[in-house]
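Thanks for coming. I will go through one model this morning, starting with a hairpin and ending with the salt bridges. Please have the view open.

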Amino acid sequence: MKKNILTGILLSSVIICNIPAFAAEAEPALTLPAQKDTAIFIDAPVIKKITVNGDNVNLYDNNISQNIFEENGNIMIPLRAVAQKMGFNVGWNSEKQSVTIGDDSWEVILYIGSDSYIGTSKVSIGTTAPQNYGAAPQIIQGTTYVPAKMFELLDYTYNINGEFLNFSKSDTIIDKTGQEYSNDTLIISVDENTSQSAINEFFKANNLEIIYQSDNFNIYTVKLQSPMTSDELDKYISELEKNENILAVNKNYILHLDDNVEIPNPFVPYENMADVKKVLSFTPAVPSSLPKGYEIDEITSTDSNFLQIIYTNNNNDSIYYRTAKGNGDISGDWNKYNINKEVQIGNLTVTMRGNDKISNAIWQNGEFTFSVFSNVGLEEKELIELIENIK
């Protein structure tokens, strides 16, 4: 059975079926209100040309190349021209002052003036956590400018060579088992007792750039200084794992949802609960009662502190149950809902979100955090009964 789940810069993982995403108005042209009439920037980089996979981006319309600038270490470049060269659609929502960039399977959402960039799947459950780069989208003479780094959410990397800023699509390697993984990123789990300064020092010493850090676990998606061959990557991983603070270094595997969708997959599958309990650092509480017709379909984990169980029924409806050491929202669901309320279930304060039905519930119990997500939504009574029977 095909699984539809977002697991990466998460993916992380990382870390799905027809969840409503932030909808942008469909407009053939991006017409933005003027925010700045002129732009004067100090210490602007000498970037005059941008390429995507070797092809030049048209920067001559409205002289947009003249407004490329630097902010907090970010090269700010024209969004629409670059995104369309990559083959993505661009949409503008005047009411929300938001822009969406993407295709039929994946899109990035940003808001003018807000340093928060969100990647979301149109075919999956969950989104990336909001990414902050130190520079918010800006409108200059009718054109939106964003950090070049933002395009990593669309699976593009870049380098600067003189006056050229060159984008290229992230590459992958297929191993002997037929599984595919990135040749320039890794997923690293760090001992939870390691200080952030020690972690940063380790990554710096090994020329690793942090491109995603989980809010709830010491799991990092890092970018290598340059792509490696399969053998080089295996040797490099072995060297990294010699550090006493490193719990595991994993290749950034790609999960194929269909012929056109590829999403990084840090989740490791297990045959049964007995197997996954061998790698977990805690004894997980799991539902002992489910809505009628649901059975365990898949058991996965990203590391010793995280468990996910997917339950499905004969209609292929899915319930995603997650529990982990730590606190905060581990649901991977950053969508906006009409319903957002707190419900008291025994000693637990549960946040429930949804539209006609409840799609998402999150709560904390001691040192553990929990979430339940349903791709079709559950009646509140069903969800309360499920939570009451987690033991």
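Asn365 stands opposite Phe368, which belongs to strand E26. The model is predicted, so local features are taken only at pLDDT of at least 70 and side-chain atom pairs only at pLDDT 80 or more, while totals for chains, interfaces and linings use all residues. Residues are numbered from 1 along each chain as its sequence is written, and side-chain values use heavy atoms, with hydrogens and water left out.

Strand E26 covers residues 368-378, and seven bridges join E25 to E26, the two running antiparallel. On terms: strands are DSSP runs of E, at least two residues long, and helices are runs of H or I of at least four, numbered from the N terminus. Two strands pair if DSSP finds at least two bridges between them. E25 and E26 form a hairpin with two residues between them. In that turn, Gly366 has a positive phi of about 65°.

Is strand E25 mostly covered or mostly open? E25, residues 358-365, is mostly covered, with six of its eight residues buried. Buried means under 20% relative accessible area, exposed means over 50%, and partly exposed is in between, with a 1.4 Å probe and protein chains only.

Trp363 is buried at a relative accessible area of 5%, and Phe370 is buried at 6%. Their ring centres are 5.3 Å apart and the planes are at 5°, so this pair is stacked. The criterion is that rings of Phe, Tyr and Trp (its six-membered ring) pair if their centres lie within 6.5 Å; planes under 30 degrees apart count as stacked, over 60 as edge-to-face, and the rest as tilted. The structure holds eleven aromatic pairs.

A tilted example is Tyr158 with Phe167, where the centres are 5.7 Å apart and the planes at 55°. Phe167 counts as buried because its relative accessibility is 2%, whereas Tyr158, at 29%, counts as partly exposed. Ring pairs link Phe151, Tyr158 and Phe167 into a cluster.

Now the cores. In soluble globular proteins, nonpolar side chains tend to be buried together. A nonpolar core here is a set of buried Ala, Val, Leu, Ile, Met, Phe, Trp, Tyr and Cys residues joined through side-chain atoms within 4.5 Å.

Which residues touch the most other members of the largest nonpolar core? They are Ile50, Ile77, Ile101, Met150, Phe151 and Phe167, out of 39 residues in that core. Met150 touches Leu79, Ile101, Val108, Leu110, Tyr117 and Tyr133, leaving aside residues up to four places away in sequence; contact means heavy atoms within 4.5 Å. Another core lies apart from this one and has 27 residues, among them Ile345, Leu348, Trp363 and Phe370.

Next, a sheet. Four strands make an open sheet in the order E3-E4-E10-E9, with antiparallel pairing. Its edge strands are E3 (69-71) and E9 (138-140), each pairing on one side only. Neighbouring strands are turned by 40° against each other on average, direction ignored; axes are lines fitted to C-alpha atoms, for helices over the stretch in contact, and angles run from 0 to 180 degrees between N-to-C directions. Three bridges join E3 to E4, residues 74-78, and Phe69 stands opposite Met76 in E4.

Last, the charged pairs. How many salt bridges does the structure hold? There are eight salt bridges, each defined as a side-chain nitrogen of Lys or Arg within 4 Å of a carboxyl oxygen of Asp or Glu.

Lys223 and Asp184 meet in one of them, at 2.9 Å from N to O. This pair links distant parts of the chain, with Lys223 in strand E16 (residues 219-223) and Asp184 in strand E14 (residues 180-190), 39 residues apart. Both Lys223 and Asp184 are buried.

Arg353 and Asp329 form another, with their closest N and O atoms 3.2 Å apart. Arg353 lies in strand E24 and Asp329 in the loop between strands E22 and E23, so the pair ties together parts 24 residues apart in sequence. Arg353 is buried at 12% relative accessibility, while Asp329 is partly exposed at 25%.

In Lys149 and Glu152, the closest N and O atoms are 3.6 Å apart. Lys149 is buried at 17% and Glu152 at 16%. Lys149, Glu152 and Glu209 are linked in a network of salt bridges.
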